[in-house]
Amino acid sequence: MRALLAETVPSENDDVNLWWFGAIVYVIGSIFINLGSNLIRYSHERIKHFDVPPPIYKRYWWIFGFAIFGLGNVFNFVGFMFAAQSLLVALGSIQFVSNLIFARLVNKEPITTKAFVATTVIIIGNIIIVSTGNKTSDTYDLSQLLELFLRPAFLGYLITLIVCVIALQSTYWVFLYRYIPKTEVPNPLVLKFMPIAYAAVSAMVGTCSVTIGKALSGILLQALEPNTPGELRTVWPYMLLALFVGITAFWLYRMNTALRKYDAMFIIPVLQALWLLFAVLNGGIFYQEFADLSLLYNFLFGSGIVILLFGVSIFSPRVPDKETETDILVVSDHSTNADYSDEEK
């Protein structure tokens, strides 16, 4: 943690403190995202048993859910202009409350005691994170962003993240193509590992879009000021935008596939919790949002993350029979976005 507290890069607007406005906007966006996720799941369930699934442009619930999901992300993008990334994504814990409601009302999923307890634990963890997190609202220009990227602390974190992604995804593929098809009764721990690994890789990569999105929102906010350089006239913001779109597309594809593979009451909270965890770490390390925290607050912040992960561990997916699990996993991992409606018969 000491490395994170060194090499402080000054921001452009340390005196601006509208974190509360960013927090309100972000919370609204988070609720929209969760509602959209459940509507997408509802669309998948509606056509699962159709002999001839309707084309995507006639799946109105899917279109509506995706529109709500997209609107929520727009709200989140605006929120990043006014508050720290680690604080805002932690405030996304409101999704765990809304998920209990939406999963029940939209998808008719039962609210089990385990789900209620796990959600409560996750919320407690996030309350600690929000209470002890950074509440500044800094933005950075391109030269400062490059300086932040080249810091040893972030480069070390990035390399660690890449290694974890490769290890988890490789293990997932080994189980998917070699172990499960050749095993009559797969180990239940393997079947539980599969969705968690899938969600973890999705979140590790997908949350990079949050960090890039905050950078873009800061560049846009500075461009609105009359006395700032015209950085929007250079190629770099548009390269960041292309990277942002690519990573977001990856996250949406993985999220859509995960919603089709697994129970909404399990996979949505897991996706959200891992998303929150890595988005907090990304923002805290890249934007140095841990730098202003005392040793006590860093400890409490870390404790909140541990409590959050404990809440996630309470969730347990339903373990299907071997034939069903193998078919779902193999078909889904060979699919593309265009194949969704054909598979869901």
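Helix α10 is largely enclosed by the rest of the structure, because 13 of its 16 residues are buried. Buried here means under 20% relative accessible area. The model is predicted. Helix α10 covers residues 208-223. At 1.5 Å a residue, its 16 residues should span 22 Å. The end C-alpha atoms of α10 are 23 Å apart, which agrees with that expectation.

The cavity search returned one cavity of 30 Å³ or more. The volume of the largest cavity is about 40 Å³. Its lining consists of D138, T139, Y140, K214, A215, G218 and Y287.

A nonpolar patch lies on the surface. L220, L224, L232, Y238, L241 and V245 form this patch. Together they have about 550 Å² of accessible area. Helix α11, residues 236-261, supplies the largest share of the patch, with three residues. V245 is part of helix α11. Its relative accessibility is 48%, so V245 counts as partly exposed. The partly exposed class runs between the buried limit of 20% and the exposed limit of 50%.

Helix α3 spans residues 60-79 and contains A67. A67 has 46% relative accessibility and therefore also counts as partly exposed. A67 and I40 are 27 residues apart along the chain. Their C-alpha atoms are separated by 10.0 Å.

Methods: Residues are numbered from 1 along each chain as its sequence is written. This is a predicted model: local features need pLDDT of at least 70, side-chain atom pairs count only at pLDDT 80 or more; totals for chains, interfaces and linings use all residues. Side-chain values use heavy atoms; hydrogens and water are left out. Patches are made of residues with over 30% relative accessible area and no salt bridge: like charges are joined within 9 Å, nonpolar side chains (Val, Leu, Ile, Met, Phe, Trp, Tyr) within 5 Å. Accessible areas come from the Shrake-Rupley method with a 1.4 Å probe; for residues, only the protein chains shown count as cover. A salt bridge is a side-chain nitrogen of Lys or Arg within 4 Å of a carboxyl oxygen of Asp or Glu. Helices (H or I, at least four residues) and strands (E, at least two) are DSSP runs, numbered from the N terminus. Buried means under 20% relative accessible area, exposed over 50%, partly exposed in between (1.4 Å probe, protein chains only). The expected span of a helix is 1.5 Å times one less than its number of residues. On a 1 Å grid over the protein atoms alone, a cavity is a set of points where a 1.4 Å probe fits but cannot get out, and a pocket is an open set with protein on both sides within 12 Å along at least five of seven lines; lining residues have an atom within 4 Å of a point. Grid points are joined across faces, edges and corners, and a volume is the space filled by probe spheres set on the points.
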